[in-house]
Amino acid sequence: PFWLKALKVVCSGPSAVAPPRALLGADGRLAGGRQVCVVWLCMSTFIDRLVFPAPTPTYSRETFKKHLCWIPWNEAVSPDRMDDERFAEGIPCMWLPAPRAAGVILFCHGNAEDLGMCFPFVKHMRDQFKMNVLAVEYPGYGLLHGISVCEAALKEAALTAFRFILDDLKVAYEQIILFGRSVGSGPTVYLASRFPVGGLILVAAFASVREAAKSLVGGIIANVLDERFPNISLIGNVSCPTLFIHGEKDSLVPPSHSVALFKNCRARKLLITPPGMEHNTNLFTDAQFLAVPAINFFGLPGYQQECPPQMPARFFEDGRQQFLLRKSSRRRSTAGRDAGCGGATESNPWFFLCGCPTSRAKQRESNVMEPRRGATQCELESDSTGEAGVEAGLAHEITGDPSSAARDVAATTARMRGEEKSKGLDSPRIGTPWKDVLDFGEEEINHKLTLT
């Protein structure tokens, strides 16, 4: 049968699924019933190719130079792709700005087209709705090579583009409208169920891939398939206004799918079923298909502002160059953090508040302590240890040394006595800078005695 021949091609072709190590025996061959697992993996890849039939790329880097931009992978969404040079270029997208438009329509195209084929449609949509449009490409489609197409890859690309609109273009959630057509309804319903966006437009949407396959291959084979894009389960979590459009003559995805989604949607909603519309009908051939319902339902064109979202010029350039710049910047910042454990800590004034005692001791030795005048809390004694105690007490208060005051007094007294003996001085107070402090202390003591 045809499906068996196609399965053999998938399992033995250049892009065949490699069996996991857990399925291999000691001799490196598939052991026993593990062959069934490999066949199942090959079958899953084969189904992905049926669900996502990527056409031959219809555009190149030079085709839409004014609109083709490259969005970098998001570190929070795709951490494994950030430092991988194979994905350095990023995700190809089409950016069509509208004058003074505050909102952005994130467009996810169908499964049998790429950005080159849907460019006339998104351009007409930009002109009709007076809103900015960002159309995202799918992995395995168009110029986005090196990534196998599957449900997770489509969600990853759509989420990356959505985060780009929020983080880089600085557009609010309520100013974003998600537009999904056919298979594009999967990632758009996924995003709308997780984020409070401004609106959702679904054209020829399906309840799930398994439900859509029942009308094509029958219920027995469809039940064997793994579920992909369970829109019917997620539509209840959508809280934004939702517009459903599905042609009554659609033979690929019956309009009953949109009817089921419409019934399970709990937000403000509208269902349009044009009688003469098919699955791949151009929505702008009749204004009643999309233009009139969308303008009336969402109140388009919506808000306008003097400073609309602007796509930075660097995203229209080669994404690989931006990847190398980000990588070198990340390397320098990492080296700076490693070097910061050395000399950078001593130049940081906050380091001495929480640094080690050794660093505090170095700072204490480098500081020149000035005598504090008017320190009335210090009790003066007649012997030389009193002045030493004042000096040690001031040093302890200024530097915050963790050593006790008694040790500081003893060490300072011994050092001063040694210096006095070497100089031949009879009294440690002659010529010392503490004379004023002593006189002030005597005057204060006499005053206290007179009061008593």
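Is D127 buried, partly exposed or exposed? D127 counts as partly exposed, at 34% relative accessibility; the cut-offs are under 20% relative accessible area for buried and over 50% for exposed, with partly exposed in between (1.4 Å probe, protein chains only).

The model is predicted: local features need pLDDT of at least 70 and side-chain atom pairs count only at pLDDT 80 or more, whereas totals for chains, interfaces and linings use all residues. Residues are numbered from 1 along each chain as its sequence is written, and side-chain values use heavy atoms, with hydrogens and water left out.

**Figure 1. Overview of the protein chain.** The protein chain holds 17 helices and eight strands. Helices (H or I, at least four residues) and strands (E, at least two) are DSSP runs, numbered from the N terminus. Of the 452 residues, 43% are buried. The chain exposes about 24,300 Å², and carbon and sulfur atoms supply 56% of this area; accessible areas come from the Shrake-Rupley method with a 1.4 Å probe, and for residues only the protein chains shown count as cover. Among contacts (heavy atoms within 4.5 Å) with a separation of 6 or more, 71% are between residues 24 or more positions apart.

Figure 2. Side chains of opposite charge can pair when their charged atoms come close. A salt bridge here is a side-chain nitrogen of Lys or Arg within 4 Å of a carboxyl oxygen of Asp or Glu, and the whole structure has nine of them. In one of these, D127 pairs with K123, with the closest N and O atoms 3.7 Å apart. Both residues lie in helix α3 (residues 115–129), four residues apart, about one turn of the helix. K123 is partly exposed, at 35% relative accessibility. In helix α4 (residues 151–167), E151 and K155 are also four residues apart, about one turn of the helix. Their side chains form a salt bridge at 3.1 Å, N to O, and E151 counts as buried at 17% relative accessibility. Through salt bridges that share partners, K123, R126 and D127 belong to one network.

**Figure 3. The salt bridge between D84 and R86.** The side chains of D84 and R86 meet at 2.7 Å, N to O. D84 counts as buried, at 19% relative accessibility, whereas R86 is exposed, with a relative accessible area of 64%.

Figure 4. Eight strands form an open sheet in the order β1-β2-β4-β3-β5-β6-β7-β8, with mixed pairing; two strands pair if DSSP finds at least two bridges between them. β1 (68–71) and β8 (269–272) are the edge strands, each pairing on one side only. From one strand to the next, the twist averages 20°. Helix α5 (residues 185–192) packs on the sheet, where it touches β3 (104–108), β5 (176–181) and β6 (199–203), and its direction makes about 150° with that of β5. Helix α10 (residues 291–298) also packs on the sheet, touching β5, β6, β7 (242–245) and β8, with its direction at about 165° to that of β7. Axes are lines fitted to C-alpha atoms, for helices over the stretch in contact, and angles run from 0 to 180 degrees between N-to-C directions.

**Figure 5. Strand β4 between its two partners.** Strand β2 (residues 91–96) and strand β4 (residues 132–136) pair in the antiparallel sense over four bridges. M94 has A135 as its bridge partner in β4, and W95 has L134. β3 and β4 run parallel and are joined by five bridges, with V133 in β4 as the bridge partner of I105. In a regular strand the side chains alternate between the two faces of the sheet. From β4, N132, L134 and V136 point one way and V133 and A135 the other way, and all are buried.

**Figure 6. The surroundings of helix α5.** Eight of the eight residues of α5 are buried, so the helix is largely enclosed by the rest of the structure. The buried residues of α5, including P187 and Y190, pack against β3, α4, β5, β6 and α8 (231–234).

**Figure 7. T281 in the loop between β8 and α10.** T281 lies in this loop and is buried, with a relative accessible area of 17%. The side chain of T281 reaches the backbone nitrogen of E278 at 2.8 Å. Leaving aside neighbours within four places in sequence, T281 is in contact with R181 and F289.

Conventions. A polar contact is a pair of N or O atoms within 3.5 Å; within protein, one must be able to donate a hydrogen and the other to accept it, and residues adjacent in sequence count only if both atoms are side-chain atoms.
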